[in-house]
Amino acid sequence: MQVWLIAITAFAAMVLAGLYATREGEAFLGRYHQAFMEQARVNLADMFLFIDPRQLYIANIAILVAVPLLLWAITGKLLIAALAAVALAVLPKKIYRWLKQRRINKIQEQLPDALMMLSGTMKAGLGFTPALESLVKDGYPPLAQELALVLREQHLGVKTEEALEHFAERVPIIDAKLFVSAVSISRDVGGNLAESLKTLAETLRRRLIMENKVKALTSQGKLQGIVMALLPVVIAGYLAMMYPETMEPMFNTWLGYAVIGVCILLEYIGYKMCVKIMTIDI
C-alpha cells in the first residue's frame, strides 16, 4: 500500500511539474515571440528592409532548434549545444546592430558629396526644398531614403526644422547634427546657406579622411584582439580532437564547466579592452 502511495504521489508530482513547465514554456515563447516581432519590425523599418517579420521568426526558431540538436548529435556534448543555443538566441540583436551601424557608416560616407551637390544646386538658383528633392531623385540609398523621408514629412505638414531633427535622431552621428544645425541657423538668422553647406561638406570630408587613416593605423591592433580571442578556442578544439581522453574532464565535469566559464569571461574582457584601446574618436 505504501509503495502504491509513493508511486501515485511521484506520478502526480511529475504530472504537475510537466504542466507547470508547459505553461511557463508557453508564456516564455509568447514573450519571446512578441519581443522578437517588435524588435524585427522596428529595426527593419529603420533600415528600409521590407521583410515579413513572421518569416524571420520562423527561420530563427528553426535554426535555434536545429543547430544545437545537430551539434549535440555530432559531438555528444550537451555543453556545446547549450552554448550554441545561447549564441543563436542573442545573434539576431547583434545582426540588427551590425546592419544599422553599416547603414550609418554608409550615410556618413555619402553626406559630404551630398552636401556639395546640395550647395551647387542652391547656387544654381533653387531653394532648399527643391534642391533637396533633386538630391533625393539623383542620390543613392541609404542617404537618399532618409532624405526622402524628410520630404515626405514636409508634405504631411511637418515643419522643415522638425523633419530635419527627426533625420538627425534616426542617424545619430555628429555629421547629421552639424547639417541640421547649419540649415536651422541659416533659416533663423539668414545667411548664405549654399556657402555654409559647401564649407561643411569640405570639413566633413577632411574629417572622414582623418577617421579612415586612424582606422587603418589601428586595424592591426583590432586584428590582434580578434586573434587573441580566437587562439584559445582553436587550441582547445585541437586538443579535444587529438587528445580526447585528456580533455574529457573539461567537457563532462562541473569543474570543467567552471573553467570554461571563467575562460569565456576573461576572453570577453580581454577582447573589449583591446577594442577600447584601439577605438579613437575624432
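Lys93, Lys94, Arg97 and Lys272 come together on the surface as a patch of positive charge. Keep in mind that this is a predicted model. Helix 3, which covers residues 78–123, is the top contributor to the positive patch, with three residues. Lys93 has its place in that helix, and with a relative accessible area of 47% this lysine is partly exposed.

**A greasy patch on helix 8**

The surface also has a nonpolar side to it. Leu223, Ile226, Val227, Leu230, Leu231, Val234, Ile235 and Tyr271 make a nonpolar surface patch of about 700 Å². Which helix gives the most to the nonpolar patch? That would be helix 8, with seven residues. Val234 is one of the patch residues and is found in helix 8. Its relative accessibility is 55%, so Val234 counts as exposed, given that the cut-off for exposed is over 50%.

**Salt bridges**

Side chains of opposite charge can pair when their charged atoms come close. How many salt bridges does the count come to? The answer is seven. Here are three of them, with the distance between N and O.

| Arg103 | Glu146 | 3.2 Å |

Take the salt bridge between Glu146 and Arg103, whose closest N and O atoms are 3.2 Å apart. Glu146 sits in helix 5 (residues 143–155) and Arg103 in helix 3, so this pair ties together parts of the chain that are 43 residues apart in sequence. Are these two partners buried or exposed? Glu146 is buried, with a relative accessible area of 2%, and Arg103 is buried too, at 12%. Both values fall under the 20% cut-off for buried.

Lys123 belongs to helix 3 and Glu195 to helix 8 (residues 193–242), so the parts tied together here are 72 residues apart in sequence. Lys123 is partly exposed, with 44% relative accessibility, and Glu195 is also partly exposed, with 34%.

Asp175 counts as buried, at 1% relative accessibility.

**Aromatic pairs**

A pair of aromatic rings is described by the distance of the centres and the angle of the planes. Searching the whole structure turns up two aromatic pairs. In one, the rings of Phe167 and Phe179 have centres 6.2 Å apart and planes at 85°, so the pair is edge-to-face. This pair links distant parts of the chain, with Phe167 in helix 6 (residues 160–170) and Phe179 in helix 7 (residues 174–189), 12 residues apart. Phe167 is buried, with a relative accessible area of 0%, and Phe179 is buried as well, at 2% relative accessibility.

In the other pair, the rings of Trp254 and Tyr257 have their centres 5.5 Å apart and their planes at 90°, so the pair is again edge-to-face. Why are Trp254 and Tyr257 separated by about one helical turn? Because they are three residues apart in helix 10 (residues 254–278). Trp254 counts as exposed, at 73% relative accessibility, whereas Tyr257 is partly exposed, with a relative accessible area of 25%.

**A cis peptide bond**

Most peptide bonds are trans. Between Pro141 and Pro142, though, there is a cis peptide bond, with omega about 10°. Where does Pro142 lie? Look in the loop between helix 4 (128–138) and helix 5. Helix 5 is also where Glu146 lies, the salt-bridge partner of Arg103.

Note on methods. Residues numbered from 1 in each chain as written. Predicted model: local features only at pLDDT ≥ 70, side-chain atom pairs only at ≥ 80, totals over all residues. Heavy atoms only, no water. Patch = residues over 30% accessible without salt bridge, like charges linked within 9 Å, V, L, I, M, F, W, Y side chains within 5 Å. Areas by Shrake-Rupley, 256 points an atom, 1.4 Å probe, with all protein chains shown as cover. Salt bridge = Lys/Arg side-chain N within 4 Å of Asp/Glu carboxyl O. Lys, Arg positive; Asp, Glu negative; His and termini not counted. Charge placed at Lys NZ, Arg CZ, Asp CG, Glu CD. Helix = DSSP H or I, 4+ residues; strand = E, 2+ residues; numbered from the N terminus. Buried < 20%, exposed > 50% of the residue type's maximum accessible area, 1.4 Å probe, protein only. Phe/Tyr/Trp six-rings, centres within 6.5 Å; stacked < 30°, edge-to-face > 60°.
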